[in-house]
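This briefing goes through one protein structure by topic. Keep the sequence and the 3D view open while reading.

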Amino acid sequence: MWGLSGEKTGWVSLEKQIFQLFRRLPNDLEIWQKLTSQYHSDLFCGLYMGNWNRGIDFSPELMAQISARGLTLSLDVYYVQTRLISVEPNFPGPSSSFDE
């Protein structure tokens, strides 16, 4: 198994990151056809979302490039909950109960 990862550049759209990966790889579709006919080939993306109800879409151009290379697209979507708790002078401490 081998993999190729994108750079961690802060917030960049997934589509842009996939295009960046494709620019680092051969464009020759005959090479892709040979690879995908011999090996399971998957474009795997892990998405870490800051909001629980978000969607993602891809342009027809990107979908065509994925398809032309014979790749499947796998998405693992995770919701990363970040919660800010305000600390006030009367805020219960760790050993206190809210039901008291």
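**The largest pocket**

Strand S1 gives the largest share of the lining of the largest pocket, namely eight residues. The model is a predicted one.

- The space in the largest pocket comes to about 1600 Å³.
- The elements that supply two or more residues to the lining of this pocket are H1, helix H2 (29-38), S1 and S2.
- In total, 42 residues line the largest pocket. Those nearest its centre are Leu-14, Leu-21, Phe-44, Cys-45 and Gly-46.
- Sorted by class, the lining of the largest pocket consists of 22 nonpolar, 13 polar and seven charged residues.

**The chain as a whole**

- The protein chain contains three helices and two strands. Along the sequence, their pattern is α-α-β-α-β.
- The protein chain has 100 residues, and 17% of them count as buried.
- Take the contacts in the protein chain between residues at least 6 apart in sequence: 75% of these join residues at least 24 apart.

**The nonpolar core**

- In soluble globular proteins, nonpolar side chains tend to be buried together.
- In this model, the largest nonpolar core is made of 13 residues. The residues with the most contacts inside this core are Leu-14, Ile-18, Phe-22, Leu-43, Leu-62 and Ile-66.
- At least two residues of this core come from each of helix H1 (14-23), strand S1 (42-49) and helix H3 (60-68).
- Setting aside residues up to four places away in sequence, Leu-43 touches Ile-18, Phe-22, Ile-66, Thr-72, Leu-73 and Ser-74.

- Which residues of H1 are buried? They are Leu-14, Glu-15, Ile-18, Phe-19, Leu-21 and Phe-22.
- Viewed down the axis of H1, the buried residues fall within an arc of 160 degrees, so they line one face of the helix.
- An α-helix has 3.6 residues a turn, so residues three or four places apart point the same way.
- What do the buried residues of H1 pack against? Their partners are S1, H3 and strand S2 (72-79).
- Lys-16 and Arg-23 are exposed residues on the face of H1 turned away from its buried side.

- Gln-20 is part of helix H1. Its relative accessibility is 33%, so Gln-20 counts as partly exposed. Gln-20 and Gly-6 are 14 residues apart along the chain, and their C-alpha atoms are separated by 7.6 Å.
- His-40 sits in the loop between H2 and S1. Is His-40 buried or exposed? His-40 counts as exposed because its relative accessibility is 70%. From C-alpha to C-alpha, His-40 and Gly-70 are 9.7 Å apart in space, and they are 30 residues apart in sequence.
- Tyr-48 belongs to strand S1. With a relative accessibility of 59%, Tyr-48 counts as exposed, because the cut-off for exposed is over 50%. Apart from neighbours within four places in sequence, Tyr-48 is in contact with Tyr-78 and Val-80. Tyr-48 and Val-77 are 29 residues apart in sequence, while their C-alpha to C-alpha distance in space is 6.1 Å.

Technical notes:
Residues are numbered from 1 along each chain as its sequence is written. This is a predicted model: local features need pLDDT of at least 70, side-chain atom pairs count only at pLDDT 80 or more; totals for chains, interfaces and linings use all residues. Side-chain values use heavy atoms; hydrogens and water are left out. A nonpolar core is a set of buried Ala, Val, Leu, Ile, Met, Phe, Trp, Tyr and Cys residues joined through side-chain atoms within 4.5 Å. Buried means under 20% relative accessible area, exposed over 50%, partly exposed in between (1.4 Å probe, protein chains only). Helices (H or I, at least four residues) and strands (E, at least two) are DSSP runs, numbered from the N terminus. Contact means heavy atoms within 4.5 Å. The arc is that of the directions from the helix axis to the C-beta atoms. On a 1 Å grid over the protein atoms alone, a cavity is a set of points where a 1.4 Å probe fits but cannot get out, and a pocket is an open set with protein on both sides within 12 Å along at least five of seven lines; lining residues have an atom within 4 Å of a point. Grid points are joined across faces, edges and corners, and a volume is the space filled by probe spheres set on the points. Ala, Val, Leu, Ile, Met, Phe, Trp, Tyr, Cys and Pro count as nonpolar, Asp, Glu, Lys and Arg as charged, and the others, Gly among them, as polar.
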